Amino acid sequence: MGSNIEYIGTAEAARLLQMTGRRVVGLCSEGKLSGAFRSGRNWKIPVDSIKQYMKDTGIGVSEESKEDVRNLLPVAIGNTSYIEVSSECYYVDKTLLIRDLIDDHNMVTLFTRPRRFGKTLAINTIKTFFEKTEDDTSRYFTDRNIWLCGEKYRAMQGIYPVVMLTFKDVKYNTWEESMEAIRLVVKDEYKRHPELLTSTVLDADAKNYIDRMEKGTLSGVELQRSLLNLTHMLSVHHGSKVVILVDEYDTPIQQGYSRGFYKEVISFMRNFLSGGLKDNTDLAFGVLTGIMRVSKENLFSGLNNPMVNTVLDDKYSEYFGFTEDEVREMAAYYNRTEEMDEIRFWYDGYHFGNTEIYNPWSVTNYFASGGQAKPFWANTSDNEIIREILTGLTPEIADDLAKVMQGEEIHASLDMEVVYPRMTDGNDTIFSFLLLAGYLTPAGKPEETEIGTFASLRLPNAEIKRIYNTEILSWIRTQKQGNIISEIEKAVYLSDAKRLQEALRKYMITCISFYDGAAEGFYHGMVLGLVASLSSKYYIRSNRESGEGRFDLQLEPKDKVLPGILMEFKAIPISDKDKLSELAEEALVQTEDKNYRRDLEDRGISDIVRYGIAFSGKNVEVRIER
């Protein structure tokens, strides 16, 4: 199927051929429409095959009609309405998620997936299927996979009142602003159920509560009970249990952590969610989505044992993001089959459970842009998670970041119940956050042991590699005066000790005061982070054995025209800063005495530059020998 082939669907072919859709399907199955292939429940049929069949059978068609069938459905960029996307756009059918939710009978399910991986559209799909409305919404599912599953599932369509809340836009700098934003989200959901205002079965207290919700006069405690109260009112009015859907529940929590009101938002959300989801006799079932799972002792304690589904789980793995087959079908529809290797290079590489997954946001943007490959996902967030990790950089973490940026795998213990305040406590929490947020993916099946979960992790694709490079360099640039990256690169390429010393000194002067008491390990991590910009030209390694010891930092050139580099770091208290020159010389001598050059020499590198670098507070001395 070359990129110049134009395809149409069964309905368009039936109109052109002046026959029923069933007959067109029969022609496809019999091979009478050359090149036709199945795409989900539909068929994709080459326009040229339609023309040939018309010619062979004498069916005529106007040029205007021929042109009409070439109008492809648009891709849905940023549209999370199931009705609009499934009716007006190219839709990747994920409705079997509904079947699995029904079969599993979980009271509360939490799906954690990276941002822009279809969580909001999934929530809206569930809402549209289950919600009891005056409009017959079954027509939006009759040609979808869920409808083929049988009467058991069709009978559940449109039978429940639904509460749907999304907190994806609650991104404010203070708790007061965030609290007001949450109140408005809840208020809008109350207004979405006007039947409650005219209900003849609700008592005066309920009507008064709705009125005060509208006027904004509820107390903080009353607002925390608003989810519970809404489900009870809906249940009484409709005589039915209620479905609760909460999208991006953890956005206010992440904001609270990064802006300093974590305790306040956790306290509120714990009471708010527990009210609706814990021991609520009016609850049919609940579904939440988010990027992270906030551990149970902080938020989900007592929430009816919610079933938590993460990127490590096999079940539901195909419902968030696009599978290989789904992307291939999409590429065929938009006549870009020959670009599959490019799409795979940029946007594939995720593994959710046992399923290979493409980033859906980037894939849809790729087709919408006419096949322009670039990092679309990078522009949808400020990537604060990576920046938070960089602020607590250690040699070990910096070394692992350098490895993944160069395409290597790292091995980590995973903690899937992390909390935001512990995000930078150690490698296990840091890399668990990066995994859950979509910045890393398992390189193989994680290993479950009696002491924990272990996995090899890697970058998923070229798009994420671009984010790492961009964010690390951007963060470094925000921490200094002048272009420290350029200065460090020049100093290294020129083997210029004075230039490097001055660049490091300027960098440290602009940083916060804790440098005054920093230990050697901190400086090690700092320099390792700073030289990350050289990863396109060097393999960067730290704390590896070579000769008779372990070097601090090694840069092996990818092109042997460049010299190899060895760096040894020393640190002393600020009170001893007059000994910096002596200490830098000692570090330089150590690189020779311990024969740290052996590893590079064994790799065929003969031109090697050795650095001895000593730190004391914000002071630094650099010695170089070639």
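**A covered helix and an open sheet**

Mentor: In α24, the buried residues are Tyr523, His524, Gly525, Met526, Val527, Leu528, Gly529 and Leu530. Buried means under 20% relative accessible area, exposed means over 50%, and partly exposed lies in between, with a 1.4 Å probe and protein chains only. Please note that this is a predicted model, where local features need pLDDT of at least 70, side-chain atom pairs count only at pLDDT 80 or more, and totals for chains, interfaces and linings use all residues. Residues are numbered from 1 along each chain as its sequence is written, and side-chain values use heavy atoms, with hydrogens and water left out.

Trainee: How many of the residues of helix α24 are buried?

Mentor: Eight of its eleven residues are buried, and the helix, residues 520-530, is mostly covered.

Trainee: How many helices and strands does the protein chain have?

Mentor: The protein chain has 26 helices and 19 strands. These are DSSP runs numbered from the N terminus, with helices being H or I of at least four residues and strands E of at least two.

Trainee: And what share of the residues in the chain is buried?

Mentor: Of the 626 residues in the protein chain, 55% are buried. The accessible surface comes to about 26800 Å², and 46% of that belongs to carbon and sulfur atoms. Such areas come from the Shrake-Rupley method with a 1.4 Å probe, and for residues only the protein chains shown count as cover.

Trainee: Let us turn to the sheet. What is the order of its five strands?

Mentor: The order is β5-β6-β7-β4-β8, in an open sheet with parallel pairing. Two strands pair if DSSP finds at least two bridges between them.

Trainee: Which strands stand at the edges?

Mentor: They are β5 (162-166) and β8 (307-309); each has a single partner strand, so one side of each is left without a neighbour in the sheet. From one strand to the next, the twist averages 10 degrees. Axes are lines fitted to C-alpha atoms, for helices over the stretch in contact, and angles run from 0 to 180 degrees between N-to-C directions.

Trainee: What holds strands of a sheet together, in general?

Mentor: Strands of a sheet pair through backbone hydrogen bonds, either parallel or antiparallel. Here, β5 pairs with β6 (residues 242-247) in the parallel sense over five bridges, and Leu165 has Val246 in β6 as its bridge partner.

Trainee: Why is β4 described as largely enclosed?

Mentor: Five of the five residues of β4 are buried, so the strand is largely enclosed by the rest of the structure. Val108, Leu110 and Thr112 lie on one side, Thr109 and Phe111 on the other, and all are buried.

Trainee: Which helix lies across β4, β5, β6 and β7?

Mentor: Helix α14 (residues 262-277) does, running at about 145 degrees to β7 (283-290). Ile266 belongs to α14 and is buried at 4% relative accessibility. Its C-alpha atom is separated by 6.5 Å from that of Ile253, 13 residues apart along the chain.

Trainee: One last topic: how many disulfides are there?

Mentor: The count comes to zero, where a disulfide is a pair of cysteine sulfur atoms within 2.5 Å. As for individual cysteines, Cys28 is buried at 6% relative accessible area, whereas Cys149 is partly exposed at 28%.

Notes:
Contact means heavy atoms within 4.5 Å.
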